[in-house]
Amino acid sequence: MDKKNLFNIKKNKEQKKSVRPVAFMVACSVLFMATITIVTFVIFRYMISSTASAFDKKYYKQYDQYYAIICNESELWTEIYNQAKFVGDANGICVDMLSERLGDDYSKSDLMKIAIESGVDGILLEAENTDEMRKLISEADKKGICVVTLITDCPDSRRKSFVQASAYNLGREYGEQVLAGMNKVDDDVIVVMDTSYNDSTQNIVYLGIQDTIKAGLNANESVNVSALLVNSKDSFSTEESIRTLFMNDENEADVIICLDEMSTASVYQALVDYNKVGETRLLGYYVSNTVLDGVEQGVIEATVSVDAKELGEYGVFAISEYLESGYVSEYFSVDSEIINKSNVFEYRKKVDEGQ
């Protein structure tokens, strides 16, 4: 064998020796990566399985029906929603407040369209007395969606039921409260009414106030009852309208009655700002923390509380009853109560305890 062939054989042996460690390292690396991949996959599957199991048991819940609440956001409607959701959860019904989930950039009409397109089973609606709202309620009805109105109604529409405190009885309660502390001689009562609702409910309350005061007067006594119209959708305009009551002595009222949360809070603040506490009597609406504070301090003489829990409960019941039987009572009436200094602490305790 010549020297050249001998050199090539020797060179090939050396190359084979140098390749073996590299091949071994590559094989080990591949095996290691494969092992890591398998272990990671097993752990991942276990975690997914555990998470899904926990989600199914703790978080995920199937519902038989889906109801949407469409309203303006307020403490009253939050309480109505909480009760409706509580009752719904207990009966396999998902109750969803759309304005809370989607934000306040949507009008009630927009939210109605979303609910209809989503194919909900029922809608609890703070209605408006407009042709557009009637058209939307009719559209929902044609698609088999039951609409129940709460607090404010949309008359002559295809809603199935209306849940509210008796408007006329509310007016009577306000009127009796007015008479209880008046001298009944040339006193002025101003009723702050929110035109944004555009329904007859507040007009009926106003009529109840007038009738009750008139029935409680003698021949030589007189009380002037008038309305101040505001629009809660324009908070600046509302506050300005209310403040004019205190800036002009000629327009000053002996009693101011508010039929909604916003105007109650605005008049309450104006009484404090203009040092009219004790001079002008304020009768408010509902029992938000602000209103209860005002009653405790004596700035608000009394407030009318509607039973928000009954509103939520009756609303869910009305839809369920109609969907099950095809029939439901056209009206449901909830309780109301006068809250003043004599019972405000007891009522506050009930609210704090969630009763």
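What follows is a talk about the terms used for this model and the values behind them.

Mentor: Gladly, and let us begin with the ground rules. This is a predicted model, in which local features need pLDDT of at least 70 and side-chain atom pairs count only at pLDDT 80 or more, while totals for chains, interfaces and linings use all residues. Residues are numbered from 1 along each chain as its sequence is written, and side-chain values use heavy atoms, with hydrogens and water left out.

Trainee: How many helices and strands does the chain have, and what makes a run count as one?

Mentor: The chain has 12 helices and 12 strands. Strand E8, for instance, covers residues 255-258 and includes Cys258.

Trainee: Which residues does Cys258 touch, and what counts as touching?

Mentor: A contact means heavy atoms within 4.5 Å. Leaving aside residues up to four places away in sequence, the partners of Cys258 include Tyr174, Val192, Leu282 and Tyr285. Val192 is 66 residues away from Cys258 in sequence, yet their C-alpha atoms are 5.0 Å apart.

Trainee: What makes the six strands a sheet?

Mentor: Two strands pair if DSSP finds at least two bridges between them. E1 and E3 run parallel and are joined by four bridges, and E3 and E4 are likewise parallel with four bridges. E4 (residues 146-150) and E5 (residues 161-165) are joined by three bridges, also in parallel. The open sheet has the order E2-E1-E3-E4-E5-E11.

Trainee: Why are E2 and E11 called edges?

Mentor: Strand E2 (93-97) and strand E11 (331-334) each have a single partner strand, so one side of each lacks a neighbour in the sheet. Neighbouring strands here are turned by 20 degrees against each other on average, direction ignored.

Trainee: Which residues stand opposite each other in these pairs?

Mentor: Leu124 stands opposite Val148 in E4, and Thr149 opposite Phe162 in E5. Leu124 in E3 is also the bridge partner of Ile69.

Trainee: How do you know that E4 is largely enclosed?

Mentor: Five of the five residues of E4 are buried, so the rest of the structure largely encloses this strand. In a regular strand the side chains alternate between the two faces of the sheet. In E4, Cys146, Val148 and Leu150 lie on one side, Val147 and Thr149 on the other, and all are buried, so both faces are covered.

Trainee: Which strands does helix H2 lie across, and how is its angle defined?

Mentor: Helix H2 (residues 75-90) lies across E1, E2, E3 and E4, at about 165 degrees to E2. Axes are lines fitted to C-alpha atoms, for helices over the stretch in contact, and angles run from 0 to 180 degrees between N-to-C directions.

Trainee: What makes Arg243 and Asp273 a salt bridge?

Mentor: The term requires a side-chain nitrogen of Lys or Arg within 4 Å of a carboxyl oxygen of Asp or Glu. Arg243 and Asp273 meet at 3.2 Å, N to O, so by that definition they form a salt bridge. Arg243 is in helix H8 (residues 235-247) and Asp273 in helix H9 (residues 261-273), so the pair ties together parts 30 residues apart in sequence.

Trainee: How exposed are Arg243 and Asp273?

Mentor: Arg243 has a relative accessible area of 22% and is partly exposed. Asp273, at 40%, is partly exposed too.

Trainee: How far apart are the closest N and O atoms of Arg348 and Glu296?

Mentor: They are 3.0 Å apart, and the two residues form a salt bridge. This pair links helix H12 (residues 344-352) with helix H10 (residues 289-297), 52 residues apart. Arg348 counts as buried at 15% relative accessibility, whereas Glu296 is partly exposed at 25%. The structure holds 14 salt bridges.

Key. Helix = DSSP H or I, 4+ residues; strand = E, 2+ residues; numbered from the N terminus. Buried < 20%, exposed > 50% of the residue type's maximum accessible area, 1.4 Å probe, protein only.
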